[in-house]
Structure formats: structure tokens, C-alpha cells
Amino acid sequence: MALLAPSILSCDFSRLKEQLLMAQEGGVEVIHIDVMDGHFVPNITFGTLIVEAVRKILPKAFLDVHLMIQNPQDCYLDFIHAGADNISFHLEVVPDFDFLINLILKAGAKASLAVAPGTPVHMLDQILPKLYMVLLMTVNPGFGGQKIIPGMDQKIIQLKKKIKLRGLNTLIEIDGGIHENNIEYLASCGASIIAAGSLIFSQEDKITQKVREISDKIK
Ligand code: DX5
Ligand code: ZN
């Protein structure tokens, strides 16, 4: 069983409230929020003001904040205060990630690590028990609407196996290039939170219907 986490990166920001309410109407419980700084990735998106706005619009949703930024240690707390339930930051930018994981937990949020497609999962071995999720990027971070990188299914299977063998509860989230033709298969590989941007928000007025349809596939 997996949960769909629509990524607002692909929504129409002039209709943010309307589109989020449509997603909620379809049964969405998790919203994925992509913060990009123009340094770790070339693109710049948004910061805490948007997290605050989403929190106001959907007071009960689980806000899954994906920080694609160079210095997450400088602003993780602002995102938690803005309403983030989970903070994912990239292992590639914080090699001594244990310290920041502890700070996030201390601040009362869930703490997760994101890994780019080229980063091997064995780097997570020690920290795995402390993580709420591992966010496996299935495209190179930075832009919505890309094609999934081949072979990512094997990475999900490998990580799921490790988690199972050690009897842990750590969740696997996948992010990037998820569409109707691969979502069921990738959920069956072991992904239990599935971030999807263009799949959901390219639907404009059919967001509710699309969310229901896709959620049913991965139930
Ligand atoms: C990409 C972001 C994703 C993005 C996915 O760097 O982390 O969350 O929104 O977009 P799609 O689902 O369109 O590939
Ligand atoms: Zn993301």
C-alpha cells in the first residue's frame, strides 16, 4: 500500500488554493513541497511563505518538505515553524547528516534524508533507524516533468530489503518521473510514499478525479 504525495511544483500558483482543495477532495493526505535554492540545483522555487500558505489552506495535511538547498542547517527550523511535518534534506550536501537529523527531531518534526539517483544507498546504513523516510530521487533533482532514470526500481528493491532485514519502520519515498505506466510497479518494489507533480497538476480541472484514480491504483 502506498500514499500519493502531490508535488505543488507543478501546480498553477495563481490557483494554489483551488488546486490544493481539489487534491484534498480526492483524498490526499500528504503534500510534497519542493524548495530549491539555485545553488544545489539550478532552479529557484519558493521558501517558508508557501509552506505557511499551504498549512493555512490544508490545516490537517502532512506537509512533506523536500529541501534541495545547499545549507539546510541554516533554515530547517524556519520550515518547521512554517508548518512542515517532515524535513528531507540531501545527503550529498550534509556529509555529517547525523547532527542535522538530531536537530530536526529535537524541533519536533520527522527527519528524512534525500538521495540523488547516483548516490548509493549503503551510505545510509548507519542512520537508517533514525530516519522517518528515505527519499529516493528517481530523476536528477531540480525540475518537474522529467523522465524516470532507468534502474531506479532496483535501488528501491535493494533499500526495501535492507529495511526489512533489519526490522525497521523507515519508509521509502520516491520522487520524479512517476506516471500511470510505472506507479503500480514502483509501489510494488517497496515505495510507500509517492511524490508526483506533473501527473497530478497537469490535470488542471480534473485534479480530484486524477488523485482518486491514481490513489486507487496503489491502495
Ligand atoms: C524534482 C522534484 C520533484 C518534482 C517531481 O526535483 O523533487 O518533487 O516535483 O515532478 P514530476 O512528478 O513531474 O517528475
Ligand atoms: Zn521533490
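This is a predicted model: local features need pLDDT of at least 70, side-chain atom pairs count only at pLDDT 80 or more; totals for chains, interfaces and linings use all residues.
I began with glycine 145, which is in contact with Ser10 and Ser198 once neighbours within four places in sequence are left aside. Two residues are in contact here if their C-beta atoms, placed from the backbone, lie within 7 Å. Residues are numbered from 1 along each chain as its sequence is written, while chains are lettered from A and ligands numbered from 1 in the order in which they are written.

I placed glycine 145 in the loop between β6 (133–137) and α5 (152–165). Helices (H or I, at least four residues) and strands (E, at least two) are DSSP runs, numbered from the N terminus. Glycine 145 is partly exposed, with 13 other C-beta atoms within 10 Å. The scale is this: buried means 20 or more other C-beta atoms within 10 Å of a residue's own, exposed means 12 or fewer, and partly exposed is in between.

I then turned to serine 7, in the loop between β1 (3–6) and α1 (16–25). Serine 7 counts as buried because it has 23 C-beta neighbours inside 10 Å. Not counting residues up to four places away in sequence, serine 7 touches His32, Asp34, Gly144, Ala195, Ala196 and Gly197.

**Entry: ligand 1**

Which residues are closest to ligand 1? I found Ser7, Leu9, Gly144, Gly197 and Ser198, out of 22 residues that surround ligand 1. A residue counts as near a molecule if its C-beta atom, placed from the backbone, lies within 6 Å of it. I looked up where the shell comes from: β2 (30–36), β8 (193–196) and α7 (198–201) each supply at least two residues. The shell divides into eight nonpolar, 12 polar and two charged residues. Ala, Val, Leu, Ile, Met, Phe, Trp, Tyr, Cys and Pro count as nonpolar, Asp, Glu, Lys and Arg as charged, and the others, Gly among them, as polar.

**Entry: UniProt records**

I checked the unreviewed UniProt entry, where one "binding site" annotation covers His32, Asp34, His66 and Asp175. They span 144 residues in sequence, yet no two of their C-alpha atoms are more than 10.4 Å apart, so they gather at one spot. UniProt also lists residues for "binding site" that include Ser7, Gly144, Gly145, Gly197 and Ser198. For "active site", the unreviewed entry lists Asp34 and Asp175. These two are spread over 142 residues of sequence but cluster in space, with a largest C-alpha distance of 10.4 Å. I kept in mind that such annotations may be inferred rather than shown by experiment.

**Entry: the two aspartates**

Is aspartate 34 buried or exposed? Aspartate 34 is buried, with 25 other C-beta atoms within 10 Å. I located aspartate 34 in strand β2. Leaving aside neighbours within four places in sequence, its contacts are Ser7, Leu9, Thr45, His66 and Met68.

Aspartate 175 is in strand β7 (residues 171–175). With 25 C-beta neighbours inside 10 Å, aspartate 175 counts as buried. I listed what aspartate 175 touches, not counting residues up to four places away in sequence: His66, Leu135, Met137, Thr138 and Ala195.

**Entry: threonine 170**

I found threonine 170 in the loop between α5 and β7. Threonine 170 counts as buried, with 21 C-beta neighbours inside 10 Å. Threonine 170 and valine 134 are 36 residues apart in sequence and 7.2 Å apart in space, C-alpha to C-alpha.

**Entry: helix α8**

Which residues of α8 (residues 207–217) are buried? I noted Ile207, Lys210, Val211 and Ile214. Seen down the axis of α8, its buried residues fall within an arc of 100°, so they line one face of the helix. The arc is that of the directions from the helix axis to the C-beta atoms. An α-helix has 3.6 residues a turn, so residues three or four places apart point the same way. The buried residues of α8 pack against β1, α1, α6 (183–189) and α7.
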